[in-house]
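Subject: Structure handover

Hello,

Below is the structure I said I would pass on. My notes on what was found in it come after.

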Amino acid sequence: MPRRPLTGIRVVDLTIERGELCARLLSDLGAEVIRVEPPGGSPSRLLPPTNGNRSLFFAFRNAGKLGVELDLSNDDDRERLHDLLDHSDVIVDSAEPGAWTDSGLDADDLARRHPHLVCASITAYGRTGPYAGRDVPNAVIEATGGMAFKAGLPEREPLLPPGHIADDTASMTGAFAILCALRQKEAAGAGQVIDISVNESVAQITDWSLSNWTRSADAGMAPPELRAGPGPVYTIIPCLDGFVRLVIIAVRHWRAMREWLGEPDYLQDPELDTFLGRMYIADAVLNPLYGDHFANMTMEQVAAECQQRGIVCTPILKPSDVLANEHFEARGTFDDVAIHEDGPAAGTMKMASGFFEIDGERVGPTGPAPRVGQHTDEVFSTLADPRPAPLEPLVPAPPLEGMRVIDFGHGGVGVETGRMFAEYGADVVKIETRTYPDFMRVVLGGEMSPSFGSSSRSKRSMGVNAKTDRGRELLLDLIRDSDVMIENNSTGVMDAMGLGYETVAGANPDVVMMSSQLMGSWGPWASWSGYGPNTQVTGGMTHLWNYKDLDRPAGSQSIFPDHFAGRSGAVIALASVLGRDRIGDGGCHTEICQVEQVVQVMADLLAKESLDAGSVVPMGNHSERGAPWGLYRCAGDDEWVAICTRSDAEWRSLVTVMGDPDWAMSVDLDDLIGRQAREAAVDSGVGAWTAGLTKQQATEACLSGGVAAGPMLTAGGQVTDPHYQDRGFLVELFQPPIGNMTFEGAAFRATAMLGPDIRPAPALGEHTRDVVTALGRDADEIETLIAEGVLETDQTDLV
């Protein structure tokens, strides 16, 4: 049986659609999660994708929970809920501000009545600010959160991503916030209210857009924020049976590819050793050349040969390919789950098996989603002693204060895990060396970039060459006094350096190691290397993130799932530290397989494909849930608004808002089936209306009529947006040595937590002397180690 570090924690889940994954994650990690639904069941049981009358959205996000039925409009049932809360540690809710008026069930009301309780409120835009209370679906927040503008072709509309990235990201962020609160609760038994914004959660993972745009704007050269397909870095190349994502950034990648091409004379110009040199001839020369070279090879053959040669390349898999893939099969990425409809099993589906691994075992759901009220009697008959009253109220403090984290992260995943710990009080020491620097630090040619600054903010930097015996000795000394160690190097690198888990655990049996590899640390493709966009394609997302009528992938410049996987790493690492301290079961080795994070957020769609082959295809901006649904052009230069109608009533409201145009009065459009059959005409009509309005005017008009809408925001739009400003999300700092820029602020705030500690990222080796002195080395020894190249310090003349 896998280790489940939250065993003994009880969570009550009141979420509807938004945030349903949050408590599911806590359940995977061992908490007893009680899903409370109204008579007849939650509205989310109707959400697509579906299999017959079964919602696969609900099935995935509620697996492993216990089901309780309560009518919370009824006084007696509300008291039963309060009795349950007396015996619980956490409640997770997704009601927008004002929804629980006069019921006593708002998060603030619950915290007053149950001061021991961690009350997590996951809402679209947070509990405060100009947009608080807007009831909008995931798609609208992907527009306002800065995810939508990155995808699609410049001559066409932007593309919303498939699945529920925004809501699922907020769920992962919310799980981290709850774990922080549980760590504080251990001291005195007191709970608190946590305000989790879906909008800010997704804005945190949009690939450093804010820091890069504001840095450029401060320098007087704000870049255009126009989608450009896959862009010049993460190219998409055709082959015999599909497409591959080919990423040639480093000179070693280029030279390996040039050798495979036969070293033609016209590719020997030294200028082509530079990325910019290759970029100038990419469209006209290189990409067609690659396509010709790959024309008689399958996408998996191309990817395997590239990886063998040290070239970053992965296949763009369709959902059916993902389900049949040998790597996922070997890893047990999917479980065969029986389908029950109030009787015997009615077949099986393939459902993604879980986000996390601990000590080599999958830590996923303990069972299927419950039937409505399935466990009501069992839950209430087994309530024993209520949770004790707090010894004293919590004084706001950094929740992770006193923890030490060693960060070996590179790129986007490991460093984002470290960032989460650093912002909330842990002492995070980033381990670096100029012999093999973090490529995000040096991507612009110096030793600092906006992307690196964002992900390594608030950390300390120790410059040390881990490949030397003395360097490794110092690192093991540091690990002996640490709680967490983070690494996302290629499979086998840490073992080769003498810093694999067995060695680390020998030095400190209580340390929690968080490893994250592109394809996981085991399986046929475990040795493959790449970047976030390489897992996006292999997990099936890129194929679906496309226009309905395009026969090739449109592409996106999003690097999802890097930042999401970083938050997954923070959740499993912090949960394991809590388990170590609560249960006393020592340290462990936790793992986050990056490609499986893509599979997880696509899990309900992949389950649908396993039940009905060929049914899951690109939908552009359309949705099974409603029509019209998508992004519509507004007045101005590439300005768009997201509009989503979730019911026939909302459609009628939109018709009224648009002024009852003749085209919208047809009875053929009265129901969803009719509108979906005429989606092109409906989109054209709605687009004609929005074209005469600014995106803010269109948004306000829709919202005033009860129709979900929101402006598509780029990073430049977020900087001037009144809600981001009011919520304090925009954190302006001077980042030495490159200048002023804006960091992404908090995705959650809490009544007993100080806000995130956001300070500039360190120079390489800036804190080496401080860290090594604290390990007991004297000044003379430190200077000797610097002279020998074992230690490295800040060298501003290299910037």
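Pro561 sits in the loop between helix H23 (541–544) and helix H24 (562–583), helices and strands here being DSSP runs numbered from the N terminus (H or I of at least four residues for helices, E of at least two for strands). The peptide bond joining Phe560 and Pro561 is cis, with omega about 20 degrees. A cis bond also leads from Ala627 to Pro628, where omega is near 0 degrees. Pro628 belongs to the loop between helix H26 (603–611) and strand E22 (629–634).

Before the rest, some conventions. The model is predicted, so local features need pLDDT of at least 70 and side-chain atom pairs count only at pLDDT 80 or more, while totals for chains, interfaces and linings use all residues. Residues are numbered from 1 along each chain as its sequence is written, and side-chain values use heavy atoms, with hydrogens and water left out.

E22 and E23 form a hairpin with four residues between them. Gly636, in the turn, has a positive phi of about 115 degrees. The two strands pair in the antiparallel sense over six bridges; pairing requires that DSSP finds at least two bridges between strands. Arg633 stands opposite Trp640 in E23. On strand E24 (residues 708–711), E23 has an antiparallel partner joined to it by four bridges, and there Pro711 is the bridge partner of Val641. Five of the six residues of E23 (residues 639–644) are buried, so the strand is largely enclosed by the rest of the structure. Buried means under 20% relative accessible area, exposed over 50%, and partly exposed in between (1.4 Å probe, protein chains only).

The seven-stranded sheet

An open sheet of mixed pairing is made by seven strands in the order E5-E2-E1-E6-E7-E8-E27. Strand E5 (66–69) and strand E27 (748–750) are at the edges with a single partner strand each, so one side of each has no neighbour in the sheet. From one strand to the next, the twist averages 20 degrees. Within the sheet, E6 (residues 90–93) and E7 (residues 118–123) run parallel and are joined by four bridges, with Ile91 opposite Cys119 in E7.

Two helices lie across this sheet. Helix H3 (residues 75–86) lies across strand E1 (10–13), strand E2 (32–37) and E6, at about 150 degrees to E1. These axes are lines fitted to C-alpha atoms, for helices over the stretch in contact, and the angles run from 0 to 180 degrees between N-to-C directions.

Helix H3

The twelve residues of H3 should span 16 Å at 1.5 Å a residue, and its end C-alpha atoms are 17 Å apart, which agrees; the expected span is 1.5 Å times one less than the number of residues. Asp77, Arg78, Leu81, His82, Leu84 and Leu85 are its buried residues. Seen down the helix axis, they fall within an arc of 155 degrees, so they line one face of H3; the arc is that of the directions from the axis to the C-beta atoms. What covers them includes E1, E2, E6, helix H4 (107–113) and helix H15 (376–381). Contact, here and below, means heavy atoms within 4.5 Å. The face turned away from the buried side carries the exposed residues Asp75 and Asp76. At the start of H3, a side-chain oxygen of Asn74 reaches to within 2.8 Å of the backbone nitrogen of Asp76.

Individual residues

Most residues other than glycine have a negative phi. Glu17, in the loop between E1 and H1, has a phi near 70 degrees and is buried at a relative accessible area of 15%. Asp102, in the loop between E6 and H4, has a positive phi of about 65 degrees and is exposed at 79% relative accessibility.

Ser27 is in helix H1 (residues 20–28) and is buried at 2% relative accessibility. Not counting residues up to four places away in sequence, Ser27 touches Arg4, Val33, Ala63, Gly64 and Lys65.

Pro115 lies in the loop between H4 and E7 and is partly exposed, with a relative accessible area of 41%. Leaving aside neighbours within four places in sequence, Pro115 is in contact with Ala190, Gly191 and Pro390.

Regards

Methods. A polar contact is a pair of N or O atoms within 3.5 Å; within protein, one must be able to donate a hydrogen and the other to accept it, and residues adjacent in sequence count only if both atoms are side-chain atoms.
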